[in-house]
Amino acid sequence: MTVPTPNPAAPSGPLPPRIGFLTVPLMINLIYSAITLLFLPFAGPTLTDTTTEMVQQMGIPDLTVTPAQIQAALWISFVLTMVQILWVYYTRRAVLEGRNWGRVSSIVIGVFSLLVPPIFTVLGIVMLIGAFDKQVVAYTRR
């Protein structure tokens, strides 16, 4: 039987009390993005109806949105949502492991969250408060 060696990448000491100010909003963002990704395939007809109505309201009779353009928009949305899910997942993991780049990445996510009212604005503020907490900064100094 061998003795397990300690992980040198693991931070020393307990988690700071305000680390939840980063990890909980990141988990909420992760779940919301996953739900968005699940509903994305069903957005095609809604997107078609919305663009048709918008073109009629603008009064431009020659403008048509083809199904290929709508499909391309949905695929782009799918890829961007997947990138967002991966970014948030690895950021949350890095914060829990005490890595500095995870804290910096969560600051960037928090600033972007400020632009999506109302719920994500509050989550962005909470994330920024947690990211600049002295104990969290000390915990993520690696």
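Modeller: Helices α4 and α5 are roughly antiparallel to each other, because their axes cross at roughly 150°, and the class follows from the angle: under 35 degrees counts as roughly parallel, over 145 as roughly antiparallel, 65 to 115 as roughly perpendicular, and the rest as oblique. This is a predicted model, in which local features need pLDDT of at least 70 and side-chain atom pairs count only at pLDDT 80 or more, while totals for chains, interfaces and linings use all residues. Residues are numbered from 1 along each chain as its sequence is written, and side-chain values use heavy atoms, with hydrogens and water left out. The helices themselves are DSSP runs (H or I, at least four residues; strands are E, at least two), numbered from the N terminus.

Two packed helices are described by the angle between their axes and the distance between the axes. Here the axes are lines fitted to C-alpha atoms, for helices over the stretch in contact, with angles from 0 to 180 degrees between N-to-C directions, and those of α4 and α5 (residues 119-131) come within 7 Å. The crossing is left-handed, a term used when the near helix is turned anticlockwise from the far one by less than a right angle, clockwise being right-handed. On the α4 side the contact (heavy atoms within 4.5 Å) is made by Arg103, Ser106, Ile107, Ile109, Gly110, Val111 and Ser113, and on the α5 side by Phe120, Thr121, Gly124, Met127, Leu128 and Ala131. Sorted by class, these are seven nonpolar, five polar and one charged residues, where Ala, Val, Leu, Ile, Met, Phe, Trp, Tyr, Cys and Pro count as nonpolar, Asp, Glu, Lys and Arg as charged, and the others, Gly among them, as polar.

The loop between α4 and α5 holds Pro118, and the peptide bond that leads from Pro117 to Pro118 is cis, with omega near -10°.

At 0% relative accessibility Ser106 counts as buried, the word meaning under 20% relative accessible area, with exposed over 50% and partly exposed in between (1.4 Å probe, protein chains only). Leaving aside residues up to four places away in sequence, Ser106 touches Leu22, Leu26, Thr91, Val95, Met127 and Ala131.

Leu22 and Leu26 lead on to α1, where both are listed among the buried residues together with Thr23, Pro25, Asn29, Leu30, Ser33 and Leu37. These buried residues of α1 pack against α3, α4, α5 and α6. Helix α1 has 20 residues and reaches 28 Å from its first C-alpha to its last, close to the 28 Å expected at 1.5 Å a residue, the expected span being 1.5 Å times one less than the number of residues.

The axes of α1 and α4 come within 11 Å and cross at roughly 60°, and these two helices are therefore oblique to each other. Their crossing, too, is left-handed. Leu22, Leu26 and Asn29 of α1 meet Ser106, Ile109 and Ser113 of α4 there, a set that divides into three nonpolar, three polar and no charged residues.

Helix α1 also packs on α5, at an angle of about 145° with the axes 8 Å apart, again in a left-handed crossing. This contact is made by Phe21, Leu22, Pro25, Leu26, Ile28, Asn29 and Tyr32 of α1 and by Phe120, Leu123, Val126, Met127, Ile129, Gly130 and Ala131 of α5. Its residues divide into 12 nonpolar, two polar and no charged.

The other two partners of Ser106, Thr91 and Val95, are buried residues of α3, whose buried set also includes Ile70, Leu74, Thr81, Ile85, Val88 and Ala94. That set packs against α1 (20-39), α2 (44-58), α4 (100-113) and α6 (134-139). The 31 residues of α3 (residues 67-97) should span 45 Å at 1.5 Å a residue, and its end C-alpha atoms are 45 Å apart, which agrees. Just after α3, Gly98 takes a positive phi of about 85°.
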